[in-house]
Amino acid sequence: MRHARVVVVLPAILIGVLCWLGATVSLAAAVNRPDYVWWQAEKPAATNFPSYCWLSARTPGEKAKLSGGQWLAFSGKATASPLYAAYNVPVRRGGRYHFWVRKCWQYGPFKWRFDHQPWRVCTSHEVLINETPVRPYFPADWVNLGRVTLSAGTHRFKLVQLTPPGQAYNAAYDCFALVQGAFFPQGHLRPGQSLRQAMPGWFCWNPTPTQPGRPGGLSLRYLNERIAGEHGYVRREGGHFVLGAGQPVRFWGVDVGNGNTDVGHAYINLMARRLARCGVNMVRYHDSLLTSGTGEPRISVRKLRHLQYLVYALKRQGIYLDLSFYYVLAIDAHRLGLAGYKPGQHPFGLLEFDPRLEQIYRQWLAAILTTADPYNGVPLGQNPAVAIVENQNEDSLFFWTFSRKSFSRQSWHELERQYSAWLTRRYGSIAAAMRAWGHAANKRDNRAKGLTGLYSAWFMTSQALTKLPQLKKRISDQVHFLADTQRRFYQSMDGYLRRNLHYRGLITCSNWKTADDYTLDALERYTYQSGDVMDHHGYFAGPHTGKFSAWSVAVGQSFRSRAAVLSPTAMPFNQIAERGYPTYISEIGFDNPNRWRADGVMLAAAYGRLSDLGGLCFFCIGSDSLVDQRMKEFQDCSPAVIGQFPAAALLFRGDMLKRGPVIFEQALTLRQLFALHGSAAAGPANMDPQWLGGNAAATAHNAAGTDASGQRFNPLLFDVGRIVRTEGAARFSQRLMNSSQYINTATGTVKAASGELFWNYHAGLVTLNSPEARGVVGFLKKAGRVQLGHIVFKSNNEFGAIMLIAMDHRPIAQSHKMLVQVMTREKPFGFKVRGHVITAMGAGPWNIRNVAATVALPSLPGEPLSITPLDENANPLSTAVLVQSKGLQRVIHLLPNCLYYILRR
């Protein structure tokens with residue numbers, strides 16, 4: 001056994017490594033440092049852990065990411081004598097503490113206690129916070145173990161591993177902390193510490209979560225209502241969202257999950273306040289609320305309580321909730337006892353037609369929306385702050401998952417039985433249907449049993465129909481049946497929500513893509529018409545390959561950066577509006593790794609406004625501090641995304657840009673749709689990378705711009721104005737505005753019909769020029785001097801975004817208060833790439849390429865101009881800003897390490 005006492009040491013090895021990297025380093029204490037007790041896991045008073053194992057930190061880089069340079073670790077098989085570690089913990093001040101452990105991922109479930117208190121368990125399903133890669137696939141994560149009450153004095157803490165004998169496992173512990181007050185972990189640092197480190201030519205971006213706003217700073221909290229839902233429910237009117245008091249609203253939002261709610265009320269409160277300050281008025285909760293482990297899954301009381309408190313905290317900040325809890329990839333059909341499904345198999349498409357799963361689902365929905373809520377006073381279903389409830393997320397009978405291999409034998413057989421009954425009602429008999437099809441046979445047809453075989457998703461695409469024209473009539477009937485089935489389910493669920501659960505908010509049916517959007521998307525949207533919102537998802541990324549690259553960023557993976565400003569036809573906000581319904585993108589993302597990531601947020605805000613989007617939710621929030629300490633695939637909490645929210649939220653939520661005119665409109669009859677004529681218009685595939693897999697051919701086909709009838713659609717029209725469609729019209733109509741004056745493919749330019757946006761996709765530059773907003777996004781240095789009206793932008797930064805926005809609803813020429821916001825490139829400190837391969841992930845804080853830019857404004861005789869630079873917390877800095885007078889202009893030289901400025905005159 002090894003013996004040691006509890007100590008607090010500054011990791012000198014870290015400072016050495018940072019200096020070796022040539023970085024600027026300083027350790028700064030944050031304001032309001034909480035009281036805490038800290039001890040190193042690798043220094044127990046007693047243990048039977050080995051002194052060294054395969055998982056122990058070996059290199060200087062690994063040791064630098066751990067609190068004391070090492071961790072208590074084990075890798076092997078569990079024996080009859082479980083591993084344990086005990087510590088003598090001196091507590092200076094008695095009271096109630098948050099208890100934290102920093103450990104290796106979810107490895108090694110254990111039980112723990114102080115003194116003779118009851119044992120408590122840390123499972124393998126705990127929420128992980130602030131992940132830092134120590135070794136590929138072996139990160140260090142913080143876990144909040146809950147609250148403990150301790151008196152002043154020395155206490156005995158003990159942990160015991162719970163892995164059964166004979167089972168191989170890994171376990172590693174870095175440190176433990178008892179904290180009074182809010183603690184937002186930053187790697188190995190202690191409460192109240194913030195590591196300020198930056199590579200040469202870059203500056204540090206590391207906001208302090210607990211930093212309150214100061215006079216003269218920037219807060220957009222005033223854009224929200226005092227209390228979300230204070231005047232009633234959000235509703236839809238004329239294809240727009242409207243607040244309870246009747247004023248139109250657009251939602252600027254983010255996605256959160258259990259990792260954001262399972263951390264304690266103080267953290268949720270801080271997250272809500274910070275989101276409101278940067279312009280957010282919608283949060284989409286997207287996660288499973290089901291119990292984990294063995295047995296039939298039910299709604300978790302603990303998770304539901306956390307969700308209820310999230311609504312309470314957001315509501316007080318004027319932020320609404322979009323509830324998404326049914327995600328087919330989170331459902332284990334075997335645990336539900338669904339016939340024929342193997343452990344871990346997901347019930348794709350089953351909810352739409354299986355009575356038992358629908359019954360289970362209704363029970364879940366009732367538990368979520370009708371359970372008493374101790375925080376809000378009314379159940380979630382009666383709370384007007386819950387603006388949207390989604391029936392299901394990312395599932396459809398028209399997606400690639402519609403195939404026999406995705407269903408159990410019994411469920412596929414049941415769907416074929418329902419199809420046969422549908423055909424009998426339509427034709428009078430199966431034989432009559434076969435005659436109508438010209439006897440196009442399927443090997444699963446069984447006339448003796450009265451069963452008709454179904455074809456998989458590929459057969460419903462225009463590519464299949466071109467190759468197999470003899471199947472078109474049969475596939476037409478199959479598509480008609482599937483649309484009727486899916487539409488019936490949504491109508492049934494919408495009725496259940498309204499009549500049985502008395503829910504009065506908005507309803508989203510689903511938000512998914514199809515196997516061929518030119519042929520099937522209009523049908524998919526037709527099935528959503530019983531709901532209130534036409535929801536979409538969209539992601540933009542460059543090529544990214546390697547192990548686990550569909551959902552993670554790691555050493556050894558390869559990637560190529562892709563600039564959105566060079567790819568106008570692939571934008572995730574290029575979505576078709578359905579007449580009479582708000583268009584909403586509940587998941588939008590510009591994925592990592594990508595060095596050209598500074599353009600996405602501002603493009604989404606500007607072109608989302610042009611296309612009259614009702615809302616955008618960026619996917620997704622990592623830490624409740626709104627600051628992640630590493631690069632992730634789907635990431636809001638980095639400077640290129642949430643760091644650009646202030647100007648983007650003002651632009652999107654305000655009336656600074658005109659919505660575009662309808663540039664292309666179609667009214668489609670159901671007869672056309674069921675005959676697989678399709679629609680001439682479709683947005684890009686833009687799916688979450690985990691779905692693409694073997695569907696690259698379908699993705700390429702969707703981008704080709706041809707529907708089943710051979711019609712052509714120019715996707716650049718999305719950047720000119722609005723694309724509007726109606727399904728189920730009495731007669732077909734199509735109207736296309738002459739776009740020749742807006743689109744010039746020879747020069748690679750697209751001008752918005754509103755006259756306020758101009759996209760040069762050959763040069764990789766977008767300019768924004770409205771009375772209340774001016775800006776430039778893309779390859780700035782190559783663009784040189786950019787003049788927009790009387791405002792001139794110039795930058796020596798290779799890539800970035802610069803915005804000038806009036807904050808007082810006046811034209812810039814008359815505005816008394818303006819915001820200047822700039823963004824360049826970002827990366828975590830120490831992130832390295834050789835060629836196109838990631839060689840080091842680095843860790844926090846985020847670094848931003850030094851700004852080298854100027855903004856020139858007209859100079860009026862005797863007119864005062866004050867410039868207040870703001871730090872990353874949006875609070876005033878005392879740094880002076882150089883302003884030069886050049887003729888009739890005042891040239892503002894932006895600071896190299898500042899993103900925001902308030903201008904007053």
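Modeller: Let's start with Glu394, which sits in the loop between strand β21 (386-390) and helix α7 (409-427). Helices here are DSSP runs of H or I with at least four residues, strands are runs of E with at least two, and each kind is numbered from the N terminus. This is a predicted model, in which local features need pLDDT of at least 70 and side-chain atom pairs count only at pLDDT 80 or more, while totals for chains, interfaces and linings use all residues. Residues are numbered from 1 along each chain as its sequence is written, and side-chain values use heavy atoms, with hydrogens and water left out.

Now look at the backbone of Glu394: its phi is near 50°, a positive value in a residue that is not glycine. Is Glu394 buried or exposed? Glu394 counts as buried because its relative accessibility is 1%. Buried means under 20% relative accessible area, exposed means over 50%, and partly exposed lies in between, using a 1.4 Å probe and protein chains only.

Another positive phi, of about 65°, belongs to Ala874, again not a glycine. You'll find Ala874 in the loop between β46 (866-870) and β47 (883-886). With a relative accessible area of 11%, Ala874 is buried. Helix α12 (residues 600-610) is mostly covered, with eleven of its eleven residues buried; among them are Met602, Tyr607 and Arg609.

Peptide bonds are worth a look too. The bond from Phe619 to Cys620 is cis, with omega near -5°, and Cys620 is placed in the loop between β28 (615-618) and α13 (645-653). From Gly844 to Pro845 the bond is cis as well, with omega near 5°; Pro845 lies within strand β44 (residues 843-849).

Gln167 and Lys77 are 90 residues apart in sequence, yet their C-alpha atoms are 5.2 Å apart in space. Leaving out residues up to four places away in sequence, Gln167 touches Gly76, Lys77 and Ala78. A contact here means heavy atoms within 4.5 Å.

Links across the sequence show up in the whole chain: of the contacts with a separation of 6 or more, 75% join residues 24 or more positions apart. Buried residues make up 62% of the 905 residues. In the largest nonpolar core, which has 223 residues, Trp252 and Leu307 touch the most other members. Helix α10 (residues 472-500) gives the most to this core, with ten residues. Apart from it lies another core of 30 residues, including Val91 and Phe114. A nonpolar core is a set of buried Ala, Val, Leu, Ile, Met, Phe, Trp, Tyr and Cys residues joined through side-chain atoms within 4.5 Å.

Stepping back, the chain has 17 helices and 49 strands. Its radius of gyration is 29 Å, close to the 29 Å that the globule rule gives for 905 residues, so the chain is as compact as a globular protein of that length. That radius is taken over C-alpha atoms, and the rule is 2.2 Å times the number of residues to the power 0.38. Along its principal axes, the C-alpha trace spans about 85 × 85 × 55 Å.
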